[in-house]
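Hi there,

Here is the structure I promised to pass on. Have a look, and then read on for some notes on its salt bridges.

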Amino acid sequence: MSGNLGYSDNPVLSDSGYHVHDGERPQPRVITPGVTGTPTTAGQAPSDAFVLFDGADISGWIGRDGEAAQWTVEDGYIQVKPGTGDIETAAKFGKCQLHLEFASPVEVKGNGQGRGNSGVFLMGQYEIQVLDCHENPTYPDGTTGGIYGQYPPLVNACRKPGEWQTYDIIWTPPVFDGDNLVSPAYVTVLLNGIVLHYHQPLQGPTQHRNLAEYKPHPSVGPLKLQDHGDLVRFRNIWYRPIGTYDTP
Ligand code: MG
């Protein structure tokens with residue numbers, strides 16, 4: 001074979017065993033890419049996503065003490081119900097692309113960490129901060145999009161309170177061999193399409209006023225959203241496992 005559809009007489013790529021421009025290499029899967037949410041319009045998940053919240057159903061979420069999640073569901077979003085505790089997915093997953101949309105409370109109350117605080121906890125323990133950081137200074141590693149307590153976001157790309165914002169997060173779990181850390185977790189985070197972290201290694205699970213330290217845990221975990229007492233909203237939550245080449 002030689003031409004537009006591929007070649008079988010080119011050199012072989014050592015990592016895959018395929019020829020350069022090999023026409024026999026599996027075609028990438030075709031998916032429908034979905035729609036990104038905007039400040040006024042909800043997004044839609046791509047066709048191959050695992051949907052964690054579709055705007056109406058929270059039966060896949062667990063609240064305090066393993067009970068059903070108690071947060072408020074209305075108008076296509078879930079909203080923190082203060083005092084009912086964090087919620088997490090029954091689904092557990094590892095390396096992935098995660099998307100969600102959130103909005104800070106329309107009514108601006110409090111300052112610093114007390115304004116529109118919530119959080120996106122990857123594997124239930126690594127927090128990407130959710131806060132209303134529109135004209136609301138706080139400590140940098142607690143800014144919206146911060147890897148809480150470890151790294152501030154590269155920029156503050158927050159929208160105004162009440163406006164919907166998008167998180168796109170690419171997550172690589174840490175790898176353990178027994179009690180030993182083989183590879184740290186890595187995260188890439190985009191807020192409203194802006195890169196806040198690029199393949200940043202984490203120091204360990206999120207701590208408050210303390211240093212992080214890895215402790216071995218399973219290779220999959222839930223997504224957890226934080227009840228920090230503020231009326232933060234979430235919608236259009238989904239993930240896609242990150243696959244490997246040539247496995248359509
Ligand atoms: Mg938080």
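Which residue forms a salt bridge with Asp48? The partner is Arg240, with the closest N and O atoms 2.8 Å apart. Asp48 sits in the loop between β2 and β3 while Arg240 belongs to strand β17, so this contact ties together parts that are 192 residues apart in sequence. Asp48 counts as buried at 19% relative accessibility, and Arg240 is buried too, at 17%.

Before the rest, some background. This is a predicted model, where local features need pLDDT of at least 70 and side-chain atom pairs count only at pLDDT 80 or more, while totals for chains, interfaces and linings use all residues. Residues are numbered from 1 along each chain as its sequence is written, and side-chain values use heavy atoms, leaving out hydrogens and water.

As for terms, a salt bridge here is a side-chain nitrogen of Lys or Arg within 4 Å of a carboxyl oxygen of Asp or Glu. Buried means under 20% relative accessible area, exposed over 50%, and partly exposed in between (1.4 Å probe, protein chains only). Strands are DSSP runs of E with at least two residues, numbered from the N terminus.

The whole structure has four salt bridges. One of them joins Asp86 and Lys224, at 3.7 Å from N to O. Asp86 lies in the loop between β6 (77–79) and β7 (87–89) and Lys224 in strand β16 (residues 224–225), so the pair ties together parts 138 residues apart in sequence. Here Asp86 is partly exposed at 28%, whereas Lys224 is buried at 18%.

Best wishes

Notes
Helices (H or I, at least four residues) and strands (E, at least two) are DSSP runs, numbered from the N terminus.
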